[in-house]
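Subject: Model handover and notes

Hi,

Here is the model I promised to pass on. My notes on it follow below, so please have a look at both when you get a moment.

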There are 2 protein chains.
Amino acid sequence: MPIEHAPFSQTEYDRRIALTRTAMQKAGLDVLFVTDPSNQAWLTGYDGWSFYVHQGVILGLEGEPVWWGRMMDKFGGQRTCWMADDNVIGYGDHFVQSTTYHPMQDLAEQLRARGFERARIGVEMENYYYSAKAHQVLSSELKDATIHDATAVVNWQRLIKSDEEIGFIRKAARISEKVIETALEKAAPGVRKNDLVADIMHAGITGVGDDWGDYPAIVPLTPSGLDATAAHLTWDGRPMQAGEATFFELSGCYRRYHAPLCRTVFLGKPSDDMRRAEAAQIEGIAAGLEAARAGNRTCDIANAFMDVLAKHGISRQGRMGYPIGLSYPPDWGERTASIRTEDETVLQPGMVFHFMPALWMDSWGLETTETILITETGAAEALCNIERKLVVKD
Amino acid sequence: MPIEHAPFSQTEYDRRIALTRTAMQKAGLDVLFVTDPSNQAWLTGYDGWSFYVHQGVILGLEGEPVWWGRMMDKFGGQRTCWMADDNVIGYGDHFVQSTTYHPMQDLAEQLRARGFERARIGVEMENYYYSAKAHQVLSSELKDATIHDATAVVNWQRLIKSDEEIGFIRKAARISEKVIETALEKAAPGVRKNDLVADIMHAGITGVGDDWGDYPAIVPLTPSGLDATAAHLTWDGRPMQAGEATFFELSGCYRRYHAPLCRTVFLGKPSDDMRRAEAAQIEGIAAGLEAARAGNRTCDIANAFMDVLAKHGISRQGRMGYPIGLSYPPDWGERTASIRTEDETVLQPGMVFHFMPALWMDSWGLETTETILITETGAAEALCNIERKLVVKD
């Protein structure tokens with residue numbers, strides 16, 4: 001497969017493979033079976049909406065990785081992966097959603113054929129696309145191998161972004177700005193929520209200039225009023241109303257890279273309570289950005305934010321952010337470090353987080369967030385440039 | 001929770017619970033833990049983009065089901081489920097994406113508290129959202145229980161649709177027509193693919209009249225030329241070109257219900273080969289619809305299609321369809337019966353399938369498909385009304 005189809009340089013893929021192999025050796029693994037679609041794309045360039053059937057990447061300690069999936073997706077693999085066509089392989093359609101056959105029977109055969117019959121095999125035990133059944137079948141097929149939990153082994157290698165990746169995230173950030181601006185501009189009493197979401201999606205997919213928009217790993221979250229006390233409701237066809245806050249949790253996406261960004265709009269005159277929460281949240285975010293510097297830890301960001309909120313009499317517990325970058329549905333987070341008090345990951349230049357200190361209160365929600373880049377020196381850089389405030393349309 | 005938030009009548013939910021309990025008793029289960037988001041919504045009305053963390057429905061043989069998820073999603077549960085607020089429960093944020101804690105520890109506690117410590121518990125072993133790790137933790141927490149594979153036990157109950165559900169699918173079909181018409185109308189040489197997809201999404205989400213559009217479980221698939229030999233590539237920013245076929249695999253979505261529909265457009269003059277394939281495909285679909293009648297089997301549809309294709313000298317193997325209805329990403333299929341030669345499911349009135357006899361050839365792809373309803377008598381009804389042909393724009 002010619003490299004021009006894959007979004008990154010061969011040097012970049014080589015860097016990723018080398019990092020992953022070092023981690024594999026440290027974990028005592030001979031081979032990794034990678035199920036997470038984001039990890040598959042990160043290692044090989046594979047890009048297609050085919051993760052609803054079993055597929056993955058076989059990565060040994062030498063040679064090219066092998067992309068393995070359904071036969072009809074082999075052609076998509078050959079058109080998107082950087083490896084030689086021989087290293088993109090498919091299994092027959094009779095394995096698909098069958099109660100008689102399971103694709104892991106074919107995978108076991110492929111692993112045996114490559115000399116991994118007695119190997120130490122790493123699998124991603126905690127991943128959407130590695131089912132309990134898949135593990136059961138693979139384990140029973142490979143009785144002479146030892147199967148180890150290698151959850152997040154690849155994800156952790158993705159934590160520090162290369163310059164090429166940061167370039168992609170900056171493009172996504174331009175799209176995120178456009179998307180949020182569209183939402184804030186079009187929100188008005190009487191506008192049906194689905195019509196607003198249609199405009200938001202249109203803005204995101206058209207993209208900015210030559211930088212075309214890809215689908216974000218999460219659909220627009222745009223709840224209003226009491227629905228905004230819940231974190232993850234999607235839209236319906238009811239018109240927006242005066243007197244309600246609506247939060248927009250959105251992201252532009254450039255070639256699977258994200259830059260999530262949230263803002264909240266109030267139609268009418270917000271209560272003093274909400275105004276106070278807004279002030280506390282914005283002051284807390286500034287404190288968080290100051291704490292988000294190389295050498296500090298993820299918990300320092302959370303604590304800096306919580307200290308400010310506590311000073312204003314607001315208790316905010318729980319997770320307030322996660323690393324982002326390349327992703328596929330259902331989540332744009334990388335599922336490694338978290339911005340929370342019990343997480344002590346040391347911040348390093350090139351890490352990118354969605355700093356997400358949303359407030360979900362009893363009768364309303366207020367989301368103001370930033371995608372932030374840890375820099376060489378000083379406070380983190382917010383990658384989007386949208387004024388940090390509760391947007392009031394009176 | 002007032003029932004007005006849930007999309008269906010209480011009678012409809014009661015029907016679903018009763019069907020599922022009969023199946024549970026047949027399978028010798030005391031309780032079911034339901035992970036599939038579609039099954040959760042079908043049983044309880046739960047609707048939110050929160051399936052990227054562990055959540056599910058606990059269904060015993062009596063009483064209301066219990067929706068269980070992350071604490072911050074409990075509020076969304078209370079706003080979308082039909083059950084009493086007490087039967088929507090949440091676990092703490094420290095369980096989320098942690099290497100120290102696992103949500104299944106909390107679930108085990110909840111099952112014990114409800115008297116299921118020694119029960120026969122059914123879990124969906126083959127589901128995106130029930131990970132190998134989740135199964136490991138749950139099994140080790142509930143050593144006195146017996147855990148059984150209950151994959152698709154709920155899905156099979158969804159196969160025959162109620163009148164209320166068919167009403168939803170008909171609304172989705174109107175949106176599908178609008179979406180496909182938008183794609184066919186706007187396709188032209190020089191149009192960037194992402195701009196076309198933006199228009200497609202906009203058409204789908206705005207919906208038809210009061211029937212607002214929800215997000216389909218699969219993003220638009222719109223590959224052109226050689227990319228269309230692969231089944232599941234998504235879009236990019238390249239302009240469409242004369243001399244290429246582009247297939248559109250799309251669905252409208254009304255409150256999570258789908259009606260997938262595919263058509264293919266050719267910009268220019270298609271080859272004689274493609275014209276012959278088109279004729280064979282259309283004749284084959286008509287034969288498939290004739291065979292798709294109550295009392296026949298799923299394989300009869302596949303065989304009717306393949307016989308016509310063989311007569312035209314085209315070999316088409318593999319799966320050609322699946323039941324559809326309520327769904328969440330990453331798949332709009334129900335993962336039970338398949339339209340394929342080895343599947344002998346008996347067709348009954350109220351079943352709805354995406355009959356999907358696409359042709360992926362060496363240098364182009366041709367998708368013409370229908371969402372079909374099995375009726376009381378006679379051939380299946382195609383629910384969308386879009387002329388069945390290769391659309392040529394010369």
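A word on the annotations before anything else: UniProt positions are given in the numbering used here, feature names are shortened, and annotations may be inferred rather than shown by experiment. With that in mind, the unreviewed UniProt entry has the annotation "domain: Peptidase M24" over residues 169-376 of chain A. The C-alpha atoms at the ends of that span lie 18 Å apart, and the span is 32% helix and 18% strand. Helices (H or I, at least four residues) and strands (E, at least two) are DSSP runs, numbered from the N terminus. The unreviewed entry also places "domain: Creatinase N-terminal" on residues 16-160 of chain A; here the end C-alpha atoms are 11 Å apart, with 38% helix and 18% strand.

Some housekeeping: this is a predicted model, with local features needing pLDDT of at least 70 and side-chain atom pairs counting only at pLDDT 80 or more, while totals for chains, interfaces and linings use all residues. Residues are numbered from 1 along each chain as its sequence is written, chains are lettered from A and ligands numbered from 1 in the order in which they are written, and side-chain values use heavy atoms, with hydrogens and water left out.

**Between the chains**

Chain A and chain B each give 73 residues to their contact (heavy atoms within 4.5 Å). The buried area between them is about 6,100 Å², 56% of which comes from carbon and sulfur atoms; buried area is the accessible area (1.4 Å probe) that two parts lose on being put together, summed over both.

Four salt bridges are counted between chain B and chain A, where a salt bridge is a side-chain nitrogen of Lys or Arg within 4 Å of a carboxyl oxygen of Asp or Glu. B:Asp227 forms a salt bridge with A:Arg79, with 2.4 Å between the closest N and O atoms. On the side of chain B that touches chain A, the elements giving two or more residues are helices H3 (71-80), H5 (132-141) and H8 (193-206) of chain B. H8(B) gives the most, with nine residues.

**Inside chain A**

The domain assignment, automatic or from a database, gives domain 1 (3-157) and domain 2 (163-393) of chain A.

Over all chains the salt bridge count comes to 62. A:Arg118 and A:Asp144 form a salt bridge, their closest N and O atoms being 3.7 Å apart. This pair links distant parts of the chain, 26 residues apart: A:Arg118 is in the loop between helix H4 (103-113) and strand E5 (120-123), and A:Asp144 in the loop between helix H5 (132-141) and strand E6 (146-149) of chain A.

Happy to talk any of this over.

Best wishes
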